[in-house]
Structure formats: C-alpha cells, structure tokens
Amino acid sequence: MIAGYLYPPTWLHRIPARLKLLILFGVATVLLVQQDWRIFVAGLAIVVVVYAALGRQALARLALLRTLTPLLALIYVLQWYTAGHAAAAASAARLLLMIMLADLVTMTTPMQAMLDAITPLFRPLERFGIRADKIALAVALVIRFVPLLFDLWRRRQEAWRARTVRRAPLQLVRLFLLDTLQMSGHVAEALEARRIDRQAVQGDVTRQQER
Amino acid sequence: MASNTDTGDFVRMCLFAALIAALGLLPKFDLPFLAGVPVTAQTLGVMLAGVVLGARNGALAVSLLIFIVALGMPLLAGGRGGLGIFFGPSGGFLLGWIPGAWLAGFAMSRFPVGSVPLRAFTASIAGGICAVYALGIPWLAFVAGLSLPAAALVAVVFVPGDVIKAIIVAVLVSALPVSQLQAGR
C-alpha cells in the first residue's frame, strides 16, 4: 500500500521476483476463501515476524499502515452490523494481511526485476498492436514526465502568484493542460529525431499495412 | 507534425499516465478546484485521458500508470503504490479506471450529439463514474465481505466529488483547440 524499496537488501531480496509473485497470488487465492478470523490473526502474527526478520527498517514500514485505520474501521462496523463480530474481524484482518503480504513483495523487489518478471505476460497483447518491448520505454518516459509536469505546473502557478493574491482559477489548469500537450509534441519530435522509437514505430506501420 | 504520428500517440499516452500521477501527488490546496474536498484529482485525469486521447489510447494510458504502480512506484494519491493497493478495498476502483477511460473515450467519439462540453460531461460521467463504480463496488463488497448495497453506501460518498470533476473536464475540454481532441475527430 505504501510502496517503497527496502535498502539494504535482505534475504527476501534474493528470492526471484517471479517466485515471490507466484507465492503471493497463491496465498491470496487461498486466503480469499477462508472465513475464520483466527486463521487471519495467526497469518498476521506470522507476517509481523517476517517483517521483524527483515530488520528494524521493515518493521518501521508497518507504522505507515495506520492510514488504513478509518477504512478498516468502517468495514468492521458495516460487517458487524450485518454479520456479527466474527465475520467483521475476519474481513478486516484478511484485508490487512493481504496488503501486508503484497507490500513485502514490493519492498524486496527492485523495479527492474519486477519489470523483467511481468513483461513476458504482455506478449499475448501483441496481437492487439501492443508491443511488449515498448513497455520499458513507456515506463521510463512516465517516470521522467512526472517531475517535468510538476515543474510546468509550478511555473504557471508562480506566474499567477507574482501578479495577484487571488486564488488560482481553472483557467490556470487549462493553460497547464495546453503546456502538457505542447510538451508531448516536442518529446515526440525529439524521440523521432534520435530514432529511439524507430523500430517500434516501423513495427506499428507494417502491422497497419498488414491489416 | 510529430504529434500526428504513432510516436506522437505513444508519447501522449505516456504523458497522460504521468498527468494522472501528478494530479494525485500535487498538494490538494494547490489545486484551484478541490480545496477542502476529501477526494483526489486522479479520476479527473482518468476522465481527461479518455475524452482527449480517445477510447483505446486513453485506456492504454491508464493501464500504463496502473502497471507502474504495480511495479512499486508510489504514484497514487498520497504517495501510495505497490501490489498492496490491488488487494486493498480500493483495488477495484483502480482497475475500473481502465474501462472508465475507455468508455469515456468511446462515448465522446460515438455519441456526437450536443456541444463539446456537454459531450465531455456525459462521457466523463459514463466512464469516470458508471464504469469505475461498476468494477469498484463489487470488488469492495468481495474483499471486505460486505453486501453490495453496503459497499455501494461506502462508495456513494465519492459521487459528488466525481460529478464536480466531470464538470471540470467539460470546462477544460471546451477551451482546448479541436485539433487536440482525438476522441472528437
């Protein structure tokens, strides 16, 4: 839920990403059909021990889960009202357990390893014109764009604040959106000039001609 | 011009994925339209992606963002990310963004009745609310063990905020040059 890679590496980092993902989805499937709250509480205890085994830093991550409290409380109350305390405890504990398990995988797997583990799953999508090898480029671009967009927004905002103390109007968002679209044109030109996307684009064109 | 080529489409897709992320990470009080409302602006980005990029590219942009979140980047509102999201109560709403952007783009291009802002508003309601909730509510009911009506009750709190976002999409889109609207072509 609260993502972030854990550094320095631990024993859990050494397990291959694909194996961790398989175990995660296997355990999740089994947990989804369980109804007894005691199983989930036992599971929570085990997972906390695993967090502790990863070190103090991993244990500290558990504190970040408290943002879930209002939602879990709401689910507990609704469940308690309709199905009683045992069912309510089971639902809340199951949710918390699954989130903690998934976070374990995210915390101990570098993004590149995760990308390598998941990209082959996109091969079947190639028949819809989505190229698996373009995905890595797309991921890199998005991660680069996020700070750029912040910068564009901050510039628009500073220009506004330099002129007035009134709150920024919706017009500012519109200009930001135009900046954004303009930037996409520039980036596309830069990619084409460097032929970074050449093979991928040629692939798309031949595919379109084949149709 | 490059923005009319496949590379252009590809870059816009990446840019909108980043835009949805940026909308969620900006401090709330910075946004001129959401001050004090307990919702994120990210669904605004999802509606925009569908309406501006069209059904296919809008859905791809959202899928790309969700994929990066699954890889572990904290790109959701409040700096959330990682696989835990998908097992959490809001996992269905997140996955619902994909059909949501698709439906918004589809409605925008296939029902060209009325003015551009009106179409953008209707498309945003159809995609950003109907499609997203259609996946989100059953998922919430399933993972939280709630009945469907109880799950809908939890979700209904967010409807007013989403309607405001659809209105904002209409205002923003009406001011865009027509050449930038792929779904409107």
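1. Let's start with how chain A folds back on itself: among its contacts between residues at least 6 apart in sequence, 69% join residues at least 24 apart. A contact here means that the C-beta atoms of two residues, placed from the backbone, lie within 7 Å. For chain B, residues 24 or more positions apart account for 70% of the contacts with a separation of 6 or more.

2. A word on what you're looking at. This is a predicted model, where local features need pLDDT of at least 70 and side-chain atom pairs count only at pLDDT 80 or more, while totals for chains, interfaces and linings use all residues. Residues are numbered from 1 along each chain as its sequence is written, and chains are lettered from A and ligands numbered from 1 in the order in which they are written.

3. Secondary structure is quick to describe. Chain A has 9 helices and 0 strands, and chain B has 8 helices and 0 strands. Both kinds of element are DSSP runs numbered from the N terminus (helices are H or I, at least four residues; strands are E, at least two).

4. Now the overall form of chain A. Its radius of gyration is 23 Å, whereas a compact globule of 211 residues would come out near 17 Å. That radius is taken over C-alpha atoms, and the globule rule is 2.2 Å times the number of residues to the power 0.38. Along the principal axes, the C-alpha trace of chain A spans about 60 × 55 × 40 Å.

5. Chain A is assigned domain 1 (11-109) and domain 2 (122-210), with bounds from an automatic or database domain assignment. Taken over C-alpha atoms, the centres of these two domains of chain A are 36 Å apart.

6. Burial is worth a look. In chain A, 23% of the 211 residues count as buried; in chain B, buried residues make up 64% of 185. Buried means 20 or more other C-beta atoms within 10 Å of a residue's own, exposed means 12 or fewer, and partly exposed is in between, with C-beta atoms placed from the backbone. As an example, A:Glu192 in helix H8 of chain A counts as partly exposed because it has 18 C-beta neighbours inside 10 Å.

7. Finally, the two chains meet through 57 residues from chain A and 49 residues from chain B. On the side of chain A that touches chain B, H8(A) gives the most, with 14 residues. The residues of that side divide into 41 nonpolar, 9 polar and 7 charged. Nonpolar covers Ala, Val, Leu, Ile, Met, Phe, Trp, Tyr, Cys and Pro; charged covers Asp, Glu, Lys and Arg; the others, Gly among them, are polar.
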